[in-house]
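The following report concerns the structure shown below.

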Amino acid sequence: MRVAICIVGFRNPADIVRCLAALEASTHPDFEVVICENGGLEAFEALTAAIPARLPGGQSVRAIQAPGNLGYAGGVNVCLRAAPDSEAWWVLNPDTAPYPEALAIQVARLRRGDCDAVGCTLHLPGGEVQSYGGIWQGWLARAVSIGHGSRLEDRPDAAAIEASQNFLNGASMLIGRRFLEVTGPMRDDYFLYVEEVEWCLRARSRGMRLGFAPDALVLHYQGTATGNSIAIAKKAKGPSYLNHRNAMLLTRDHFPSRLPVVAVMAIPLMLLRYVRRGAWRQLGYAISGWWAGLRGERGIPAFMSS
């Protein structure tokens with residue numbers, strides 16, 4: 001199966017070089033790498049100077065300069081369009097290091113024919129599981145990571161996870177051709193955060209099925225480009241704002257009748273999350289994002305476009 005590995009960068013060539021080094025060891029050799037650089041000309045030049053044109057196994061590595069900061073979804077879509085003849089696309093964060101067998105195991109799961117996209121076991125540098133998959137709680141506009149905090153030696157129930165998940169973690173998603181043909185690309189008006197949830201919910205509403213390959217392991221350093229991994233009281237405006245804005249947008253797009261209830265319920269949830277950690281500034285960011293989502297604002301926020 002021919003796979004295009006889709007990576008979106010934003011002024012983080014060191015992450016991408018590390019990710020490519022991990023991909024060199026892949027036991028599934030039939031792939032190419034397509035990278036969309038969102039960080040402008042200087043970042044694109046730094047990236048192209050740092051990466052090879054081919055990996056040692058002969059796989060091509062292509063870098064594309066985005067016409068502006070397209071966000072994660074927009075960057076993924078650039079990569080998808082650049083490799084239209086692939087049989088599958090592996091959407092992969094630049095701050096990941098896949099294990100050698102990860103792609104082969106996911107391809108084998110996809111080839112079984114009873115699913116259209118495949119997730120994996122994402123784990124953090126400390127060895128704890130970040131995610132097996134996800135559940136979007138529609139009434140709370142909240143994403144829950146299945147298996148978060150488990151240890152790598154734990155054995156998850158793959159069938160149970162496949163039965164309960166309704167989205168795959170966007171740091172690593174193997175997307176089959178049928179998924180893309182039926183669902184279409186990511187919604188780039190989400191810009192950043194929650195876009196993979198929307199993509200999967202849209203896919204499932206059109207009959208697509210989500211698989212899980214527990215033995216496909218991907219190390220995720222998490223948030224090196226976006227700052228989403230640091231302590232909540234130290235987060236920049238972007239992650240807090242966009243997570244809450246896009247949760248409201250997703251509710252508008254998929255559960256419009258629930259929006260009045262969801263919007264009201266979001267307020268105490270935000271207070272609970274931020275106040276108890278003393279994250280007053282981040283609470284302000286979250287509320288402004290929540291309000292922007294209620295107004296239907298989309299795309300790159302004005303404070304990020306300069």
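## The β-α-β unit

In this predicted model, strand 1, helix 1 and strand 2 form a β-α-β unit of right-handed sense. Strand 1 and strand 2 run parallel and are joined by 7 bridges. Within this pairing, Ile7 is located opposite Ile35 of strand 2. Strand 1 is also parallel to strand 4, to which 4 bridges join it; here the bridge partner of Ile5 is Trp90 of strand 4.

Strand 1 (3-9) is mostly covered, with 7 of its 7 residues buried. Burial applies to both of its faces: one side carries Val3, Ile5, Ile7 and Gly9, and the other carries Ala4, Cys6 and Val8.

## The buried face of helix 1

Helix 1 spans residues 13-23, and its buried residues are Asp15, Ile16, Cys19, Leu20, Ala22 and Leu23. Viewed down the helix axis, these buried residues fall within an arc of 155°, so they line one face of helix 1.

Which elements do the buried residues of helix 1 pack against? They pack against strand 1 and strand 2 (31-37), the strands of the β-α-β unit. Their other packing partners are helix 2 (41-50), strand 3 (61-65), strand 4 (88-92) and strand 5 (96-98).

## Nonpolar cores

Nonpolar side chains in soluble globular proteins tend to be buried together. In this model, the largest nonpolar core comprises 56 residues. Those with the most contacts inside this core are Trp136, Met173, Phe179, Trp199 and Met248. Helix 3 (residues 71-82) supplies the largest share of the core, namely 7 residues.

The surroundings of Met173 can be described in more detail. With neighbours within four places in sequence left aside, Met173 is in contact with Trp89, Trp90, Val91, Val118, Leu168, Met186, Glu196, Trp199 and Cys200. One of these contacts, Trp90, is also the bridge partner of Ile5.

## Asn169 in its loop

Asn169 belongs to the loop that lies between helix 5 (158-164) and strand 10 (172-176). Is Asn169 buried or exposed? Its relative accessible area is 15%, so Asn169 counts as buried, the cut-off being under 20%.

A polar atom of the Asn169 side chain lies 2.9 Å from the backbone nitrogen of Ala171. Apart from neighbours within four places in sequence, the residues in contact with Asn169 are Leu122, Gln130, Ser131 and Glu196. Glu196 is also in contact with Met173.

## Loop residues with positive phi

Most residues other than glycine have a negative phi. Ala141, although not a glycine, has a positive phi of about 50°. Ala141 is situated in the loop between strand 8 (133-137) and strand 9 (142-146). With a relative accessible area of 13%, Ala141 is buried.

Phe191 likewise has a positive phi, of about 70°, and is not a glycine. The loop that holds Phe191 lies between helix 6 (177-183) and helix 7 (195-205). The relative accessibility of Phe191 is 3%, so this residue counts as buried.

Methods. Residues are numbered from 1 along each chain as its sequence is written. This is a predicted model: local features need pLDDT of at least 70, side-chain atom pairs count only at pLDDT 80 or more; totals for chains, interfaces and linings use all residues. Side-chain values use heavy atoms; hydrogens and water are left out. Buried means under 20% relative accessible area, exposed over 50%, partly exposed in between (1.4 Å probe, protein chains only). Helices (H or I, at least four residues) and strands (E, at least two) are DSSP runs, numbered from the N terminus. The arc is that of the directions from the helix axis to the C-beta atoms. Contact means heavy atoms within 4.5 Å. Two strands pair if DSSP finds at least two bridges between them. A crossover is right-handed if, with the strands pointing away from the viewer, the path from the first strand over the helix to the second runs clockwise. A nonpolar core is a set of buried Ala, Val, Leu, Ile, Met, Phe, Trp, Tyr and Cys residues joined through side-chain atoms within 4.5 Å. A polar contact is a pair of N or O atoms within 3.5 Å; within protein, one must be able to donate a hydrogen and the other to accept it, and residues adjacent in sequence count only if both atoms are side-chain atoms.
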